[in-house]
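Hello,

Here is the structure for you to look through. My notes on its backbone follow below.

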Amino acid sequence: MTGKEIRLNVLEQCNPSFQAFGLWTHPRDRSTDYTSIDFWVDYARIAERGLFDNFFIADVYGVPDVFAGTPDAALRNGSQGPSLDPVVLISAMAYATESLCFTVTGNATYEMPYSFARRMSTLDHMTGGRLGWNVVTGYLDSGARAMGRDGLGPHDERYAVADEFLAGVYRLWEESWEDGAVLRDKENGLYVDPSKVHAIDFPGKHYRFNTIHATETSPQRTPVIFQAGASERGRRFAAQHAEGIYINGTSRAVVADQIANFRKRVADAGRDPQSVKVFAGVTVIVDDTTEAAHERYAEYKRYTSVEGLMALMSGAMGIDLSQYPLDEPLEFQENDANRTVMENMTKHNRWTLREAMEAKALSGTNIPLVGSPDEVAEELIGWIDDTDLDGFNIARTVNHETLENFVDLVIPALQERRRYKTSYSEGTFRQKLFGSGSRIGVDHPARRGWSTDDVVAQ
């Protein structure tokens, strides 16, 4: 390689319309088949053909219902509703592939440590160690109500709860079963050496349990940890826990500044700042020539739904955009919704609502790239070299057409420039990502014995 090797993730969500809202109506789009297992298996195989590192499935509890005070706009447009449980899809996709890794979103606000730890360990077994976990705390008030809460609760308090949740699952994954506990000794009838299995006593404020981890040690023990929070509290949380972070930025200068500040936070947390991979979301429209790519963009744009985008953005930002003047700049409002989206839409840009909807019609919160294979490859390389990014989350526009176009056109252009791999490396997700062992790093809190005392200190 002549520079940093570019890492690529598929970015997806289990619903008809995601990032490019309304594109499910395009005649070549397959998103209406999202309830079919064949849809997801085909999707995974395309990603593996393109040597993608990871298939990242975003998720959220609830349906956006802030726009006009109802979920109607979201439901009409398939915007984050209806949706499937992404955990259920992973085993089938992993069975259909050999090297592609998978990151599933799991909510640390509404899960219980014991059952969640078992589910993730099971998936790590079923994927052969190809599992990551995107840690979220939720941002839709409708999701909180669906889970029996009165509302979301304070933004920063949700991260304190997540800190405690992670402390619990870390101890189950890393401390309950010693190496060598599983013998599978048929001759002596001894499956497990009980002296090497330990109950975890966890006296937390929000979660408490005393139990042995239900599942024998999986290939990675702890799945690769991802996080996407960009608020002050979210960045502190990510610096403590994340091995990969997802960011959204509007310019190379903004992204470079975000990454430099984040790596300093990681170092301040006692971890190697290069032990975290950073990915930015991108929407790529590519064709054989520049002219054809822009014609394709124009064709796709005819199918966009502004209402669907506004329904999603209203839910994410926690403000009813149906009441917002079209030609006034969007203003930052402190609330308990998704502050990442709020900051990107108000602080990093000074868009009016009309300008924001125009700019984001096909890319949602992602960076839009339109051009020939060479142009897109050079643009991706430029972002990597100028910002210290490690890679990108590639979102769909027309399913599965845009991913197939990317694999067939952009991947060879990146390989010609020696900035993208020509084959998969062996090993687990963590080994592929970092070139080291399967277990999480010794400087990570999961290995340092992150405890309820640490949570209080946060």
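Asp 388 is partly exposed in this predicted model. Its relative accessibility is 28%. That counts as partly exposed because the class runs between the 20% limit for buried and the 50% limit for exposed. Asp 388 lies in the loop that links helix H13 (373–387) to strand E13 (391–395). Its backbone is worth a look: phi is near 75 degrees, a positive value, and the residue is not glycine.

Leu 51 also has a positive phi without being glycine; here the angle is near 60 degrees. Look for Leu 51 in the loop between helix H1 (37–49) and strand E2 (54–58). Is Leu 51 buried or exposed? Leu 51 is buried, at a relative accessible area of 12%. The class follows because buried means under 20%.

Now the peptide bonds. Two cis bonds are on my list.

- Gly 81 and Pro 82 are joined by a cis peptide bond, with omega at about -5 degrees. Pro 82 sits in the loop between helix H2 (72–77) and helix H3 (87–95).
- Asn 399 and His 400 are joined by a cis peptide bond as well, with omega at about -10 degrees. His 400 belongs to the loop between strand E13 (391–395) and helix H14 (401–416).

Why list these features? Most residues other than glycine have a negative phi, and most peptide bonds are trans.

Strand E13 is a handy landmark when you open the model. The loop holding Asp 388 runs between H13 and E13. The loop holding His 400 runs between E13 and H14.

Best wishes

Terms used
Residues numbered from 1 in each chain as written. Predicted model: local features only at pLDDT ≥ 70, side-chain atom pairs only at ≥ 80, totals over all residues. Heavy atoms only, no water. Helix = DSSP H or I, 4+ residues; strand = E, 2+ residues; numbered from the N terminus. Buried < 20%, exposed > 50% of the residue type's maximum accessible area, 1.4 Å probe, protein only.
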